[in-house]
Amino acid sequence: MTIRISGTGSALPKKILTNDDLSKIVETNDEWISSRTGIRERRIAGEGESVVTMGSEAARRALENAGANAGEMDLILVATCSGESYFPSTACQIQAEIHADHAVAFDISAACSGFLFALHTAQAYLSMGVYKKALVIGTETLSRVVDWTDRGTCVLFGDGAGACVVEASEIGLMNVVQHSDGSQGEVLISHASTFPTPSEQQGHPAVPLQMDGQAVFKFAVKTVPQCITEVLEQAGVHPEEIKYFVLHQANKRIIQSVAKRLKVEEEKFPVNLDRRGNTSAASIPILLDEMNRDGMLTRGDLLVLSGFGAGLTWAAALLTW
């Protein structure tokens, strides 16, 4: 027994912040950003938009796509590193918002790897028969923790939420590998504090996200191909059998490097970071939802999902759609 994804949903803020818009805030330009990252615009949460409101909307859309209702959910797992409160958890707030009255709800913090860690946690519960249906959600407002005077980081991140309904099934998630290396945690860090709103922040957050970009890049291009190879070898599946490799959307150069190291054509690596930026734990479920609604996915397709993030953490999952 394992789990399968039966529905997807996503939600994005209304405000679009382009590279040209950013050039009015910090010393940068569209060519500098797009050539180094592949990002051209991102969505930024505004008044009334939060990890809870976006996560709830993504959950509703996933439920509708699955033909399910919130009352059927036994479990809600939310991957986020930018919740507005230490407690109650974002998951509990979303539970209340969508009226999933019978669900157990809690958060998972693994930064940009969070969605995959949450998906694996859902598999553990459902495959053991503890629960039957779950919502797995990634939702972030990293715009509220970046330093808008630091062009090395503020250009990278966007806000949004993605969600999947998962159900106990005989086919679906086949293998998952997860790794962590806390000894390198300082290369990508944001210290705990109350998250200010953009108007309060005024370009100077109390707890800005700090990143050693070179170290993160080197880490990603090494570990992502390794963990993808690991999960494929465990299942006896060859890379050419995979229809799509759905990677965390952090940097186009990273994705290109992973494709090259795996000796797989780039066409198998769908990308939306040009329009979304790095949405951390939300990036994989947002991309999955867009692919699903664009008709790119057919039941029976083999997919690899892989992400990396602060912690340091990284993971890969092999599944049958």
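Colleague: Which residue in β7 is the bridge partner of V136?

Modeller: In β7, V136 is partnered by C164. This is a predicted model, in which local features need pLDDT of at least 70 and side-chain atom pairs count only at pLDDT 80 or more, while totals for chains, interfaces and linings use all residues. Residues are numbered from 1 along each chain as its sequence is written, and side-chain values use heavy atoms, with hydrogens and water left out.

Colleague: How many bridges join β6 to β7, and what makes these strands a pair?

Modeller: Strands (E, at least two residues) are DSSP runs numbered from the N terminus, as are helices (H or I, at least four). Two strands pair if DSSP finds at least two bridges between them. Nine bridges join β6 (residues 133–141) to β7 (residues 159–169), so the two strands are a pair under this definition. They run antiparallel, and L135 stands opposite V165 in β7. β6 is also joined to β4, by five bridges, and these two run parallel. Here A79 has G138 in β6 as its bridge partner. In general, strands of a sheet pair through backbone hydrogen bonds, either parallel or antiparallel.

Colleague: In what order do the strands of this sheet stand?

Modeller: The order is β1-β7-β6-β4-β5, an open sheet of five strands with mixed pairing.

Colleague: Why do β1 and β5 stand at the edges?

Modeller: Each of β1 (2–11) and β5 (104–108) has a single partner strand, so one side of each is left without a neighbour in the sheet. Neighbouring strands of this sheet are turned by 20 degrees against each other on average, direction ignored.

Colleague: Which strands does helix α5 touch, and at about what angle does its direction meet that of β4?

Modeller: Helix α5 (residues 114–127) packs on the sheet and touches β1, β4 (75–79), β5, β6 and β7, contact being heavy atoms within 4.5 Å. Its direction makes about 160 degrees with that of β4; axes are lines fitted to C-alpha atoms, for helices over the stretch in contact, and angles run from 0 to 180 degrees between N-to-C directions. Helix α11 (residues 283–293) also packs on the sheet, touching β1, β6 and β7, and its direction makes about 90 degrees with that of β1.

Colleague: What span should α5 have, and what distance separates its end C-alpha atoms?

Modeller: The expected span is 1.5 Å times one less than the number of residues. For the 14 residues of α5 this gives 20 Å, and the end C-alpha atoms are 20 Å apart, which agrees.

Colleague: Why does C227 count as buried?

Modeller: Buried means under 20% relative accessible area, exposed over 50%, and partly exposed in between (1.4 Å probe, protein chains only). C227 has 1% relative accessibility and is therefore buried. C92, at 31%, counts as partly exposed. M1, in the segment before β1, has a relative accessible area of 54%, so M1 is exposed. As for whole elements, eight of the nine residues of β6 are buried, and the buried residues of α5 include F115, L119 and L126.

Colleague: How many disulfides are there?

Modeller: A disulfide is a pair of cysteine sulfur atoms within 2.5 Å, and the count by this rule is zero. C92 is in none, as the nearest cysteine sulfur, that of C81, is 18 Å away. For C227 the closest cysteine sulfur, in C112, is 14 Å away, too far for a bond.

Colleague: What makes the pair N175 and Q234 a polar contact?

Modeller: A polar contact is a pair of N or O atoms within 3.5 Å; within protein, one must be able to donate a hydrogen and the other to accept it, and residues adjacent in sequence count only if both atoms are side-chain atoms. The side chains of N175 and Q234 make such a contact at 3.5 Å. N175 lies in strand β8 (residues 173–180).

Colleague: Which strand pairs with β8, and over how many bridges?

Modeller: β8 pairs with β13 (residues 313–320) in the antiparallel sense over seven bridges, and H179 has W314 as its bridge partner in β13. These strands belong to an open sheet of four, in the order β8-β13-β12-β11, with mixed pairing. β8 and β11 (244–247) stand at its edges, since each has a single partner strand.
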